[in-house]
Amino acid sequence: MNNTQITPKGSPRRDWRLACVAVACVTGAVSLTLIAAMAVNYLRLRDADPLASPKLAGMKEALYEHPADEQLKDDIRRLDLRLRKAHLRLRTRLATGGLLLGSILIVLVVSIRAAEILGRKPPHPNHPHNDPKRDDRIAGASRWSLIALTAAIGCGAAAWAMLSEPSGDTLLPAHVNGQKPEPDYPTPEEVRKNWPRFRGPGGAGVSAYANIPVSWNVETGENILWKTPVPLGGMNSPVAWGNRVFLAGAKKRRREVYCFDAETGRLLWTRRVQPAGSKDDPENVDRDTGLSAPTCSTDGKRLYAIFPNGDLASFDFSGKEIWSRNLGVPDNIYGYATSLLTWRGRLIVQSDQGTPDDALSVLLILDAATGKTLRTIRRAVAGSWTTPAVFSIGGAERLVTVGDPWVITYDPADGRETWRARLMGPDVAPSPIYSAGLVFTVTAEAKLSAIRPGGTGDVTDSHVAWSATEDLPGICSPVSDGTLLYTLTSEGGVLTCYEAATGKRIWSKEYENLGFHSSPSLAGGRLYLFSRDGTAIVLESARRYKELARMKMGEGIHTSPAFLDGRMFVRGVKNLFCISGGKK
Amino acid sequence: MRGGLIIATVLVLTTGVFAEQRFAVPTEFDSGYTKPTTQHPDPRASMMQYVDLGVLIATLGLASFLTLKFRRRWAIFTLMIFCLVYFGFVRGGCVCPIGAIQNVAMAIFLGDYTLPLVVLAIFVIPLVFTLLLGRAFCGAVCPLGAVQDVFLLRPLRVPGWLDQALGLLAYIYLAAAVLLAATGSALIICRYDPFVSLFRLLPLGKWIEALTRGGTVPGGIASITISIHLLVLLGVLVVICMFVGRAYCRFLCPYGAILRICSRLSLKRVTITPEECIKCRLCEDACHFGAIRQPTQTHGGHDRTRGKGLLAGMVLLAGALTFAAGWGASLLTPYLARTNAQVRLAEQIWREQNALAARSDDINDPGEVFRRTDTPIARLYDDAEDIKRRFLIGSWIAGGFIGLVIGGRLVRLSVRRRREDYEADRGSCLACGRCFAKCPMEQARRKGRSVSLTTGEDE
Amino acid sequence: MSDKANENANKSKRVSRRDLLRNGLRGGALVGLGVSTGMLWSQSRTEGSVWQIDPLKCVACGNCATYCVLATSAVKCVHAYRMCGYCDLCFGYFEPKHEARNSAAENQLCPTGAIRRTYVEDPYYEYTIDESLCVGCGKCVRGCEEQGNGSLYLQVRHDRCLNCSQCSIAEACPAGAFVRLPAGAPYLPKDMEREG
């Protein structure tokens with residue numbers, strides 16, 4: 001080690017080192033002072049911001065009392081200017097202080113490094129003789145220090161817990177009362193057993209019950225429990241809860257809601273819907289969808305109904321009106337046509353209108369009990385007629401909406417958007433379903449897409465598991481039993497079976513001369529189809545096409561059936577049918 | 001665009017349908033005025049993050065080469081300064097692999113969070129490098145390590161036993177950070193990163209960005225950020241780092257804790273002497289981080305048996321500690337859960353409902369905002385319960401992990417390793433290159449091969 | 001190291017056993033890292049994330065002005081002209097108890113005078129935000145939201161934002177209005193200009 005010299009007193013190297021140490025000390029002291037000054041400055045800007053001067057506020061208040069006081073006005077203007085200047089000065093000082101501090105720290109670092117390099121002692125390899133027991137001693141001491149630290153941390157944590165406010169567990173009501181507060185909405189189990197909305201729980205079109213007849217005969221009455229005429233027509237489908245079946249109907253100047261007894265088919269009550277601001281006979285309502293297209297929804301306590309002119313009303317099961325309001329006629333060629341959805345005490349109204357540029361489309365989240373708007377979510381989509389659904393995806397509940405061109409999902413609790421995918425085309429009507437871990441969306445003008453739910457933002461490129469482009473339905477929603485997925489086209493009458501997870505096309509069947517508006521439904525491993533001219537087809541849900549029965553309903557069917565235990569409710573053009581095997 | 005739609009829009013809006021417009025929106029102006037469009041300045045170009053990634057990979061590769069092959073302290077120091085300037089001042093120290101721990105934890109445990117690919121890469125790449133080539137990341141690439149290195153003035157030797165105990169803090173920090181991130185509560189590594197405020201004093205990156213935008217620095221030089229508690233933290237740590245070599249890296253850094261484990265398994269490692277060790281102990285002097293281990297002595301049979309008994313005891317103790325720490329941490333669940341805003345809100349609302357606390361109608365109060373949104377209270381309680389359940393499971397795991405680390409340390413302290421030479425400890429070595437720069441054998445090797453390098457003082 | 005191994009057979013055995021263990025563990029760690037990276041990779045997004053305020057949730061509490069790590073907040077008021085009524089009496093511009101409808105200090109709501117009021121034609125006035133003066137306090141936003149069309153709203157301005165991994169305003173936001181957005185669509189404009 002001949003390359004390091006001893007630095008004698010008075011040598012230039014030692015002088016340089018001293019100089020560096022001096023610089024380091026000075027810059028260190030300066031930067032500490034600067035930090036202190038900046039701290040004061042910062043606290044003033046945050047806690048005593050000149051802009052938030054109570055004096056100015058007081059003077060403005062005084063001016064309101066004496067509006068003609070020119071002197072006061074003058075004072076206000078002068079004070080305002082002074083305060084704004086003071087604010088700017090504090091900000092500028094803070095900024096220059098930061099720059100200065102940064103620069104001084106660089107000098108400090110350089111001088112520290114220089115002092116360290118200049119002050120290096122020559123290496124001296126003359127340590128005392130290696131202590132053979134040193135490692136053991138260190139290991140022993142380390143063990144004790146580890147144990148001591150562990151004990152100290154344990155004591156610290158215990159002290160922290162003692163000093164904190166009482167444990168939250170004893171504060172939350174679930175633990176105080178031993179039970180959770182009764183919610184104002186049905187449990188998932190109750191929802192599963194009933195048919196609360198268009199296409200039933202989750203909008204899946206799948207019955208929880210297998211005991212639905214395979215065949216029936218309208219003329220002889222075989223397996224027809226009852227058949228009741230519906231006063232006013234409508235394209236909306238039945239919903240059912242407990243022993244009640246609900247429908248809506250309308251003509252040009254009259255909109256009504258009906259409640260039927262599920263046992264006997266008796267019409268229990270009829271209520272007219274006529275909220276303030278209601279507009280009769282809206283011009284933009286299309287003949288195809290009619291004057292009462294949207295399906296009602298119920299949460300087991302109340303029924304909610306909406307009409308193409310924007311009339312929205314809620315009734316209890318005895319027929320008492322709870323609230324009603326008019327949302328206005330949407331700018332949409334079918335009028336309001338999306339069905340309603342209830343979720344945890346909220347009513348969700350998807351009103352897609354106009355073009356994306358119009359910024360007219362909204363998703364309204366209403367308080368189901370009062371009809372008050374809780375949230376208005378704007379959507380950059382064109383008009384559409386799909387019904388949204390809340391799916392439980394990976395433990396989180398997600399509201400999935402389908403519009404043109406975006407499939408957008410939200411957290412239904414706060415309306416926050418979670419992810420979106422650009423998959424849809426114009427005139428979307430089929431509603432989304434969730435099966436086999438995938439969200440399925442389809443429209444005739446774009447494609448059938450299977451989306452892996454998840455992610456945030458635009459997931460078009462990353463989350464589409466598979467898609468198909470042939471025989472796309474334009475009106476009927478798809479249905480799935482968890483492994484197989486079925487789509488049914490309206491015009492050609494093509495029923496296609498896919499493997500839900502992979503998108504493999506398994507078979508397809510064309511029903512010549514039949515058209516469909518009614519979406520296919522699944523019950524007990526069987527598919528139920530109803531054509532526009534009133535032909536009912538029952539077939540097996542299987543990897544091979546097997547038709548089980550074909551019946552005539554005697555009148556056109558444009559709606560999707562509802563299911564309860566052992567019963568299927570089908571709305572024809574004139575009558576409501578209850579199809580049931582066991583006549584109780 | 002469909003014709004006449006604007007008029008339709010206005011009609012719909014003005015009749016108060018679906019929108020919350022209170023006043024008619026004028027569409028046409030006689031004076032020919034046209035409405036300006038609101039400008040939204042773009043964030044930093046997405047492409048730039050791949051530049052960052054490229055620089056990270058390049059510097060990691062170079063750092064590994066410098067520590068394992070080139071073996072020059074001055075080169076490592078120069079690279080370190082470059083990384084300090086680039087990752088620190090230009091990139092503002094964010095996103096760094098240390099903070100990325102939390103983003104990765106969120107991506108694993110929170111369904112709603114989408115991890116940007118670059119953050120994942122920034123987290124994983126140094127781990128892979130460390131598994132293969134040692135902790136070159138700490139030695140030369142990490143800007144936080146660099147800050148501590150440049151401030152190092154008069155390193156004091158931390159006694160071995162204290163070093164062992166303090167090293168535990170990093171694992172506790174890691175466990176806490178992952179627990180809080182995985183429950184969506186807080187990102188404590190970022191919140192308490194003391195050095196980020198230093199980097200933000202001279203935000204080079206923001207200035208460069210402003211210049212490339214063709215404008216001046218937005219808001220003048222007031223793009224400076226000051227957060228007082230961080231500045232104070234920075235001041236304290238800088239003073240500590242003047243006298244304790246890389247105090248943050250050794251005793252607090254949660255990523256360092258992971259890297260420590262990885263580098264114990266690494267394929268290549270820093271070797272001090274290129275030839276035979278002459279046991280001059282110069283490397284022990286040169287290392288400011290207490291990472292040099294001395295050669296072992298041969299022990300008698302008596303010692304060995306006693307050692308085995310001790311080892312067995314420690315293994316049992318480690319098992320017990322894992323369980324005990326998990327249980328202990330699980331008792332803290334209700335207090336830990338309060339770091340979550342949702343849980344805090346639920347407790348606040350419950351207190352207000354039961355008249356245990358006064359209601360505030362201040363708009364800054366989360367309770368007041370909650371009341372305005374009309375969210376069902378049951379839903380809030382449900383959510384809070386759910387988060388608490390996550391906390392319960394999480395604190396069992398986090399506590400167990402800490403117990404396991406303590407136990408593992410105790411076991412390792414009771415195992416005798418045989419060493420012939422002075423060696424850098426695989427876990428503690430930060431690959432700074434000070435030891436081999438001081439090694440006389442290395443000096444000799446260089447002299448033999450190259451004439452230009454005659455000094456051992458490379459900084 | 002292996003050249004030293006021949007010195008002592010016993011030692012060499014022990015060393016190689018330890019090396020074997022280490023190699024195995026390293027291989028396991030690399031494979032584990034690879035698999036978990038792959039799984040995370042499939043859920044990741046190529047774009048980076050940025051912070052933004054959801055204007056529908058924002059209550060304009062004023063925390064944005066004080067909690068940003070920048071000395072002057074990166075949050076600014078933004079004007080959606082397409083929603084603005086161009087009113088003469090603007091609730092975002094004037095003090096609730098203003099004395100006269102002019103730009104005198106005693107009538108202005110904005111503490112920094114960052115809103116410029118320009119006459120367009122009878123009865124319309126244009127309101128423009130000077131972002132270099134705006135501190136993001138949200139006083140005007142609240143005025144416009146509560147009594148006007150809600151065309152003024154707060155947004156994180158990305159030429160200023162440092163994009164901290166944990167936004168400190170987001171932590172202090174009482175409404176949980178801060179969201180992470182993909183860097184490709186970094187704003188949540190109220191009038192949906194981003195979609196247009």
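**Backbone geometry and exposure in a predicted model**

A:Asn513 is exposed, its relative accessible area being 78%. The model discussed here is predicted.

Q: Why is A:Asn513 called exposed?
A: A residue is called exposed when its relative accessible area is over 50%. The value for A:Asn513 is 78%, so this residue is exposed.

Q: Why is B:Ala431 called buried?
A: The term buried applies under 20% relative accessible area. B:Ala431 has a relative accessible area of 4%, and is therefore buried.

Q: What is phi of B:Ala431, and in which loop is the residue found?
A: B:Ala431, a residue other than glycine, has a positive phi near 55°. The loop that holds B:Ala431 runs between β2 (423-424) and α21 (434-438) of chain B.

Q: What is omega for the cis peptide bond from A:Asp404 to A:Pro405, and where is A:Pro405?
A: Omega of this cis bond is near 5°. A:Pro405 is in the loop between β15 (396-402) and β16 (406-411) of chain A.

Q: Which residues of chain C does a cis peptide bond join, and what is its omega?
A: The cis bond joins C:Asp122 and C:Pro123, with omega about 0°. C:Pro123 is located in the loop between β3 (115-121) and β4 (124-129) of chain C.

Key
Residues numbered from 1 in each chain as written. Chains lettered and ligands numbered in written order. Predicted model: local features only at pLDDT ≥ 70, side-chain atom pairs only at ≥ 80, totals over all residues. Heavy atoms only, no water. Helix = DSSP H or I, 4+ residues; strand = E, 2+ residues; numbered from the N terminus. Buried < 20%, exposed > 50% of the residue type's maximum accessible area, 1.4 Å probe, protein only.
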